[in-house]
Amino acid sequence: MSYSRRFSRTVSVHYSGTVSYPASQTGGSVSYSGTAHELVEVDVHVDTGAFDASVAHCNNSVSGLTASVGAMNAAQCLAIRQNADKISKSIIDGFFSTVRTDLRTQKAELEQAIDAKLLLLRQQAQTLQEKQQQMEEDYARTSARYQKIFNDLNNELSIRIHEIDQPVFKLVGDVDEQSDRMLHTEMIQTAVTMSKESSLLEAQISAALMKRHALQAMEQAQQFLESKARTEKTMQETDIDGEGSDTYLIPVCYMKTESENQQVERRCVIPQELSASCSGLEESLSSRLEQMPLSTSEGAEQLNSYLQLEIAKNIPQNDTHSERVKKLINQMFNQ
């Protein structure tokens with residue numbers, strides 16, 4: 001874009017010299033010097049039309065070059081990607097083809113080795129079966145021969161023993177004959193029948209007692225499990241999450257019994273997981289309960305009022321769970 005500028009500046013020029021004048025009377029020369037000041041104004045007009053046209057032409061050329069570079073870059077990236085895909089596909093196909101060929105080769109080698117092993121195993125199995133059959137036949141012949149020899153020896157030994165101890169065997173025969181005569185009477189049948197019936201009755205009674213004891217044990221186990229489940233459910237429903245500085249209460253059962261000979265026995269039952277940290281609880285409860293008076297109606301009312309205040313203090317919510325917990329606490333207190 002063409003523009004004009006005006007510049008102004010004061011220029012100071014120092015001058016000096018000598019002037020000769022003609023001789024009128026005396027003649028001679030006179031020196032002079034001084035400084036002259038002149039205001040100089042310069043108007044400058046700059047014509048930038050040609051430059052602007054060149055810049056516009058250069059801008060168009062640069063834009064075209066940028067578009068060409070972008071198109072070339074896109075084409076180059078596309079070509080690189082296509083070439084990379086081709087190379088990757090060729091490498092992958094070649095790798096899998098090599099692996100497939102290697103696996104086929106190994107499979108063929110293994111099949112040949114397995115077929116050879118199977119053929120050898122079949123031959124060895126057939127040889128073993130033939131040897132087993134031959135050994136069974138040899139064993140049968142040998143065992144039959146030795147069995148015949150042992151049977152002959154046993155028969156001969158039995159005959160010799162009977163001949164040597166003939167009086168003893170005769171006595172045993174007479175005793176067996178008398179025993180058979182006694183066992184074949186009518187009384188022996190009665191005794192056997194009574195013994196059988198008594199044994200059967202005793203077995204039935206023992207079985208009934210065992211069943212009754214087993215049923216009682218199962219009932220007791222069921223009652224224990226039901227009581228434990230109710231207790232665990234009650235503890236879970238009455239559990240309240242604290243903030244770290246609250247006061248926690250634990251269930252404690254204190255029992256005091258006095259026998260006929262004036263012996264007092266005290267026992268304090270607390271949860272097992274708190275037994276280690278409450279070792280002196282029994283002595284503390286015993287000393288405090290001895291000093292406490294017997295419960296009265298006024299004390300019961302005070303205790304009930306204190307319980308309601310504590311319930312309202314520790315369970316301020318009015319949701320379903322809180323109402324159920326309050327109701328269960330009052331029910332346990334009344335019982």
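These questions and answers cover salt bridges and a strand pairing in a predicted model.

Reader: How many salt bridges does the count come to?
Author: A pair counts when a side-chain nitrogen of Lys or Arg lies within 4 Å of a carboxyl oxygen of Asp or Glu. Among the pairs are R6 with D43 and D93 with K89. By this rule the count comes to four.

Reader: Which parts does the salt bridge between R6 and D43 tie together, and how far apart are they in sequence?
Author: The side chains of R6 and D43 meet at 2.5 Å, N to O. R6 lies in strand β1 (residues 3-21) and D43 in strand β2 (residues 28-46), so the pair ties together parts that are 37 residues apart in sequence.

Reader: Is R6 buried or exposed?
Author: Exposed means a relative accessible area over 50%. R6 has 59% relative accessibility, so R6 counts as exposed.

Reader: What separates D93 and K89 along helix α1?
Author: The closest N and O atoms of this salt bridge are 2.9 Å apart. Because D93 and K89 are four residues apart in helix α1 (residues 49-164), the separation is about one helical turn.

Reader: In β4, what is the bridge partner of K256?
Author: Strand β3 (residues 253-258) and strand β4 (residues 264-269) pair in the antiparallel sense over six bridges. The two form a hairpin with five residues between them. In β4, the bridge partner of K256 is R266.

Terms used:
Residues numbered from 1 in each chain as written. Predicted model: local features only at pLDDT ≥ 70, side-chain atom pairs only at ≥ 80, totals over all residues. Heavy atoms only, no water. Pairing = 2+ DSSP bridges. Buried < 20%, exposed > 50% of the residue type's maximum accessible area, 1.4 Å probe, protein only.
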